[in-house]
Amino acid sequence: MNRSYDVIVVGGGHAGCEAALAAARMGCEVLLFNINLDSIALMSCNPAIGGVAKGQLVKEIDALGGEMAKVADKTAVHFRLLNASKGPAVQSSRCQCDKLLYHMVMKTVLEKEPRLHIRQSLVEKLLIEGNRVVGVEDNVGVAYLGKAVIITPGTFLNGLIHIGETRIPAGRAGEMASLSLAENLRSLGFEMGRMKTGTPPRLRASTIDFSRMERQDSDPDPKPFSFTTERLREERLPSYFTSTSHLTHKLIRENITLSALYSGRIKGISARYCPSLEDKVMKFSDKDSHPVVLEFEGIETEEIYAKGLGNSLPPDIQEKIVHSVPGLEEAEIMRFAYAIEYDYVQPTQLKSTLETKLVAGLFLAGQINGTSGYEEAAAQGLWAGINAACQVMGRPPFVLDRSQAYMAVLVDDLITRGVDEPYRMFTSRAEHRLILREDNAIFRLARYGYELGILKPEVYERIREMAREIERGIEHLKTVKIYPIPAINELLSSVGTEPIRSPISLFHLLRRDGLGYDDLRSLPGWVPIADPWVKKEIEIEAKYEGYIKRQREEVEKYRELEKKKIPRDLDYDAVPSLSNELRAKLKRVLPETIGQANRIPGMTPGALTAIMVAIRKRELEKRVESQEGGKDEEIKKME
C-alpha cells in the first residue's frame, strides 16, 4: 500500500487494543488489524473484568495510562470486591460488564485516537528481511510496511472449535481462524504448541426460574477500577447461584465418550484451575454437585452466561445437562457451549520486552504466549505496545521487575519458566504481593506512564498530590501522641478499643484491628481528610508497617541479583558443573540477569555460582586483553 507505519498490531482483542493505544499515545503511527471490526474487544467468554490478582493487573494497566479500567467502569453492571474480609494484599476488584457496550466503547476509543489507523483484514504473513520484520501481508496480497509488528491473535491462531464430534475451523464461534499466519510462524522456526479453552452455553433469561436460586446483588458502594473515573453507571444487574445435580453427573458419565475432550479429539492442553464440566465430574467423583453461576451479558439482552456448564458435548446432550440443573428445567439454549483449540508460541523464546529472540522487531502478546484471561492479555498488550514504540523511537526498553508490578511477575514467569498449561495470574505468584496491592498501583506506576507519554500530565499531578497528602498524613500521625489519662481512655472505649497504659502516637494506635482513620476523630491532634483513597492508604501503611518494611528490605536484596547482567553471548557449554538439562534450559531462555537465571526451574545454588564465576572470568579476560602483558593472576587462580 506504499504506506509505512511505525507499529503494526495484528488482532483487536484486549491485548491488541492496549498495544495499539499505548504505541499511538507515545507518538507512533499505528495500524491495527482485526478480522472483523465488529468484534474488536469482544468478550469471547465471561462478561467480566477483574478477579483475584486480575484486578491488580487492571489497576496497573490504568496506572500506566491504559484503557481497560476506564472502559470497564463505563460499562459495568455489577461490582464485587473479592476477599473483602481478608488483608489488602489479596483483595481484588471484579465487575460484570455489558458485553456489547464494552466492545462499542473500546472501539470508539480506538477510532478517536490520533495516529491510530484501523483496518478490517486477515493478516497471513510476516514480511522478513534478514532477521527483522518489516511488515505484514494480508489474505488478498496487500503488503503493509512497519518498523515493528505486534501479534495478538487470541484463540484465532489455527483455532478449531469442538462440539461433540463436530469440528469447525474458527477463532471464535462464527469467525474464521487464522491458519496461514500460524503456519508462517512455524516455518520461521518458532517452537509452538496447542492449548485448549472453552466457553459455556448462553441461556435465555425469560426461560429461567430464578426464584429457585440464590441471588447476589452488586456491592452497594463500589469503587471504580480507574483512578480517573468520577462517576459509575447507575444500572445494576444481579447474579444468581445454583448447582449441578445427581442427574447432571449421571448424564455426563453416560455420555463421556461423546465429549471431544474425553474422546481424544482434543490434543491441546487444558487449564487445571478452570476445568470443563466433564473434567470436574470425572476427576472429582466424590463431589455431589458443582456450582453454576448465572450472569447477565448486558442490559438490553436476554442472554445469560452459565458459568460452570462449559463442555464439549453434542447439542442434544447439552440440552439435557442444562435441564438437569435446578432452575434451568425449561431454560432455552441460545448458544451452545464449545471447546476450542489454538496454537501458541512457547514464551521462553521472548525477551523481557516481549520481543521475539528469533525475529527482531516482532512482539507477541496475549494467548499466543500461553496465557488465559482478558486481563493477562491486556497487560501483555500494553507492555508490548510500549516496548515496540520505545524500539521505534530509539528509547530505552520498558521493563519492570517482580517487586514493581504484577504484570512484571506475569512477563517474567512466561519468559523464564515457559508454560505447560494456560497461564493465569494468582496472588500467590507474586512474592511481594503486600507491596503490589490494588490500592497502591497508581502510586507505584503512574510515574512510568507519565514519562512514557501515555498518562496525561494533569492525571499524574493529581496522583502526586495524593501521594504527598498520604506522606503528610502519616508524618502528622507519628508526631501526635496521646497519654493514658482517664479522658483519653474513655474516648478509646467509646470506639471499641482497649485503653492505653503508656504514651502512644496516633499512627501506632491506628495499627489496632478494627480502628479506621475516622475512628480517631475525637482524639486530640486528629485532622480530617476528605479523600477516602488517602485515608485507606494511611490505614494500610499503619497496620502493615512492619510487614511492608520487611518486604521492602527483601526487595533490595533481590534487586542486587537483578543488577548482575548476564552477557547475551555467554557460552553455557563452557560453564562447568551444569547438568545437560539445565544447560539446555539456559540456552533456550537466555536469562538477562542472575536473578532471572535463579528463577529457571531446576536451578541450583552451585549452578548459579558457576555462572557467576564464568561471567567474572570473562570480564577479567577482556580486561587482560586490553592490557599489555601476561594473564591476570586472578584468572590463573580461577583456572
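Visitor: Let's start with strand S17, residues 303–307. How many of its residues are buried?

Guide: Keep in mind that this is a predicted model. Buried here means under 20% relative accessible area. Four of the five residues of S17 fall in that class, so the rest of the structure largely encloses the strand.

Visitor: Which sense does S17 take when it pairs with strand S13?

Guide: Antiparallel: S13, residues 202–204, pairs with S17 over three bridges. If you want a spot to look at, find Arg-202, whose bridge partner in S17 is Tyr-305.

Visitor: And how many bridges link S16 with S17?

Guide: Four, again in the antiparallel sense, with S16 covering residues 291–296. Phe-296 stands opposite Ile-304 of S17. S16 and S17 also form a hairpin, with six residues between them.

Visitor: What should I know about side chains along a strand?

Guide: In a regular strand they alternate between the two faces of the sheet.

Visitor: Now a helix residue. Is Glu-60 buried or exposed?

Guide: Glu-60 sits in helix H2, residues 54–63. Its relative accessible area is 0%, so Glu-60 counts as buried.

Visitor: Which side chain makes a polar contact with that of Glu-60?

Guide: The side chain of Arg-444, at 3.0 Å. Setting aside neighbours within four places in sequence, Glu-60 is in contact with Ala-405, Tyr-406, Met-407, Ala-441, Arg-444 and Leu-445.

How values were computed. Residues numbered from 1 in each chain as written. Predicted model: local features only at pLDDT ≥ 70, side-chain atom pairs only at ≥ 80, totals over all residues. Heavy atoms only, no water. Helix = DSSP H or I, 4+ residues; strand = E, 2+ residues; numbered from the N terminus. Buried < 20%, exposed > 50% of the residue type's maximum accessible area, 1.4 Å probe, protein only. Polar contact = N/O pair within 3.5 Å; in protein donor to acceptor, adjacent residues only side chain to side chain. Contact = heavy atoms within 4.5 Å. Pairing = 2+ DSSP bridges.
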